[in-house]
Amino acid sequence: MTATDVGSLREAEVGGTPLATRHSPAQDQSPAVPPPGALVIFGATGDLTKRKLMPGLYALAVDGLLPESFAVIGAGRHPIGDEQFRAAMRDAVSRFARLRLDEATWDRFAAGIRYAQYSDADGGLAAVREALERVDRERGTAGNRIYYFAIPPSGFVPLAELLQREGLSRETDGGGFRRMVVEKPFGRNLATARELNAALHRAFEEPQIYRIDHYLGKETVQNILVFRFANGIFEPIWNRRYIDHIQITVAETLGVEGRGSYYEETGALRDIIQNHVMQLAAIIGMEPPSNFEAETVRDEKVKLLRAIRPIHPEDALLHTVRGQYAAGSVDGELVPGYREEPGVDPESLRETFVAMKLDVDNWRWAGTPFYLRTGKRLPSRATEIAVQFRHVPHSPFGGHRATPGGGTPPDAIDPNLLLLRIQPDEGISLRFGAKVPGQTMQIRSVNMDFFYNTSFQRVSPDAYERLLLECMLGDPTLFAREDEVEEAWRVCTAILDGWRAHPPDRVNCPNYEAGSWGPDEADAFMRRDGREWRHP
């Protein structure tokens, strides 16, 4: 149900200071600076390194959050000199960093950049080992190493095994820490996720493995934890008695953007739902942790994921809707259908849209469904969590005695809605009913809004900046643990199995036009439960 905005309540002020920016001295905490160390980026010439990793490291350097004894070793398969690699990384920082490139800061940062060629053969890490030993001597990195796997998933296990065979993965007494960072996807289903975890554990212990999901590094996602557990007014009503349902939406206006062959192997469920959306569901639904230690927080997330009711493959079509976009118009621009994208099978049945319903069988959420949705080529780009509260049990405003002039019928009053916007326009909105000025008791919805940029007047750091820093500090709170990954796959694998047994009708695929909010079946899916999707 869509709210009718008649105004926006501004943040109250006390003594000239906006409430949103007032704080106590205990909250003035300076970020910790990590210990000395070297970061080895395998796949150093790829897009991830250029667009996210190197700009993120440079931003940390600007903010004074890198140790003086720090080095970056780019590891790739092609022979490149140190100076050539530095020049390429300087260009990447100037193009993609959120901060303007400062020559003095860059020179200090670039002094620790090296390049080493490697191969998959035994002894193929000799140049990497030599570079690490050199920065230990020259930069004082103290034997601490982080290995970032910015490579295709097919290379994860061979590289981990090579690091193990060449004695570069295991930690020894007094030898410094060894950590690995691995990007999604973490397997293709539950079985392959377990195989991947087992293979990585042959080279690294679980505490050494940092499975990165950049959504967990977003400022707004972290703020969900603060919103829930640092405010006394919300947690008492954060349960089945007061909340009707929760919607989590990740909507994209873009198509597959030249990644057609990748998407043919992956699809929307694997690409977005299994990791990003399931992590958001775990955070919004978890129990309050007793403290903010990494394992305590991750334990509560796993408990929520374990409480999700199993979906039998035969029931997958009752709990999900899948779709594929056809040609259409997005932002006034004509765009091709998925099957016309490069690298896509002209008769592909791969899903680019998923809507699904999850039931959580625990004391807090029994009877309160979680609706998850993601899609490409939708009308707007938005990631948000909508918490819709139940209708009031009885409205006194519909009777003729209480409401001269007829008033507002009870079923016309929108239920309260709490909206957590992850991107863009990061912030929080609370919808509630208010009386329209006049002689009759007319009720309409108004929003009380909080926006990050206007309240704090600063740009939030990129997610990779936060996650790189946390890894260097040895804090895995914002990284996925192996049981988190496997529990998310438990739910999604059953759906994939059901879809495989019941493929979509080729005649009705694709089933939504680019620029629409997905297939009509998704709306019918919600109306069956007496609810409607909220369209950002």
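What share of the contacts in the protein chain between residues at least 6 apart in sequence join residues at least 24 apart? With contact taken as heavy atoms within 4.5 Å, the share is 79%. The structure is a predicted model, in which local features need pLDDT of at least 70 and side-chain atom pairs count only at pLDDT 80 or more, while totals for chains, interfaces and linings use all residues. Residues are numbered from 1 along each chain as its sequence is written, and side-chain values use heavy atoms, with hydrogens and water left out.

The protein chain contains 14 helices and 21 strands, assigned as DSSP runs (helices H or I, at least four residues; strands E, at least two) and numbered from the N terminus. Its radius of gyration, taken over C-alpha atoms, is 25 Å, close to the 24 Å that the globule rule gives for 536 residues, so the chain is as compact as a globular protein of that length; the rule is 2.2 Å times the number of residues to the power 0.38. Buried residues (under 20% relative accessible area, 1.4 Å probe, protein chains only) make up 51% of the 536 residues.

Helix 1 covers residues 47–62. The helix bends by about 30 degrees at L53, and P55 follows within four residues; the bend is the angle between axes fitted to the seven residues ending at a position and the seven starting there. Both L53 and P55 are among the buried residues of helix 1. After the helix comes G64, with a positive phi near 70 degrees.

Zero disulfides (pairs of cysteine sulfur atoms within 2.5 Å) are found in the whole structure. For C509, the nearest cysteine sulfur, that of C492, is 20 Å away. C509 is buried at 8% relative accessible area.

Conventions:
Expected span 1.5 Å × (residues − 1). Buried < 20%, exposed > 50% of the residue type's maximum accessible area, 1.4 Å probe, protein only.
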